[in-house]
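Work through the following exercises with the sequence and the 3D view side by side. Try each task before reading its solution.

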Amino acid sequence: MTNIQKEISQRLGPIKRALNEKYNIKIFDKPRFKDYVTARQFFLGYVTENYNYSFYQLSIYMDLNPSTLINTHKRFLEFMIYDKAYQEDFTNVSHELDNVKGFVTSKQKYNIKKRIMDQDLFKADEDQVNYDFNLLYKNPLIQK
């Protein structure tokens with residue numbers, strides 16, 4: 001697995017799992033039932049709106065042909081223009097996926113900040129550690 005595939009898997013894995021749970025299917029399976037097709041269209045529509053991956057990169061991740069993804073995205077855009085119920089469903093799913101994406105992003109930011117702080121505190125003297133502790137845990141402006 002290449003670095004870009006690992007990155008795509010890490011960033012899009014939670015979104016894929018959320019859609020799998022919502023529709024109670026595996027969205028990357030190949031059946032052409034309506035739920036599968038709709039879930040793949042929503043996944044592709046959400047990813048193309050929020051991430052900067054090519055159809056080729058996504059095709060490797062999804063194990064589908066790039067031309068299939070282009071056609072799926074084209075159908076997604078057509079449904080978004082002409083079908084109001086489809087548009088409302090996508091909006092609802094998009095909000096749910098935003099929460100998943102926000103949770104993953106905040107968790108990653110927290111881990112990065114924690115690593116930087118741990119490195120800095122390891123090198124810091126006692127006064128710096130006390131200052132940081134007071135700033136983080138005894139600051140009345142920070143609400144829990």
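## Exercise 1: A pair across the chain

Lys-22 and Glu-96 are joined by a salt bridge, their closest N and O atoms being 3.7 Å apart. The model is a predicted one, in which local features need pLDDT of at least 70 and side-chain atom pairs count only at pLDDT 80 or more, while totals for chains, interfaces and linings use all residues. Residues are numbered from 1 along each chain as its sequence is written, and side-chain values use heavy atoms, with hydrogens and water left out.

**Task.** Find which helices hold Lys-22 and Glu-96, and how many residues apart they are.

**Solution.** Begin with the term itself: a salt bridge is a side-chain nitrogen of Lys or Arg within 4 Å of a carboxyl oxygen of Asp or Glu. Next, locate the partners: Lys-22 lies in helix H1 and Glu-96 in helix H5, 74 residues apart, so that the pair links distant parts of the chain.

## Exercise 2: Pairs within one helix

**Task.** Work out how many residues separate Glu-7 from Arg-11, and then how many separate Glu-78 from Arg-75.

**Solution.** Take Glu-7 first, which forms a salt bridge with Arg-11 at 3.5 Å between the closest N and O atoms. Both belong to helix H1 and are 4 residues apart, which means that about one helical turn separates them. Turn then to Glu-78 and Arg-75, whose side chains meet in a salt bridge of 3.5 Å, N to O; these two are 3 residues apart in helix H4, again about one helical turn. In total, the structure holds 3 salt bridges.

## Exercise 3: The nonpolar core

**Task.** Identify which residues touch the most other members of the largest nonpolar core.

**Solution.** A nonpolar core is a set of buried Ala, Val, Leu, Ile, Met, Phe, Trp, Tyr and Cys residues joined through side-chain atoms within 4.5 Å. The largest one has 28 residues, of which Leu-12, Phe-43 and Met-62 touch the most other members. Its largest share, 7 residues, comes from H2. Leaving aside residues up to four places away in sequence, Leu-12 touches Phe-43, Val-47, Tyr-51, Tyr-53, Leu-58 and Tyr-61, where contact means heavy atoms within 4.5 Å.

Technical notes:
Buried means under 20% relative accessible area, exposed over 50%, partly exposed in between (1.4 Å probe, protein chains only).
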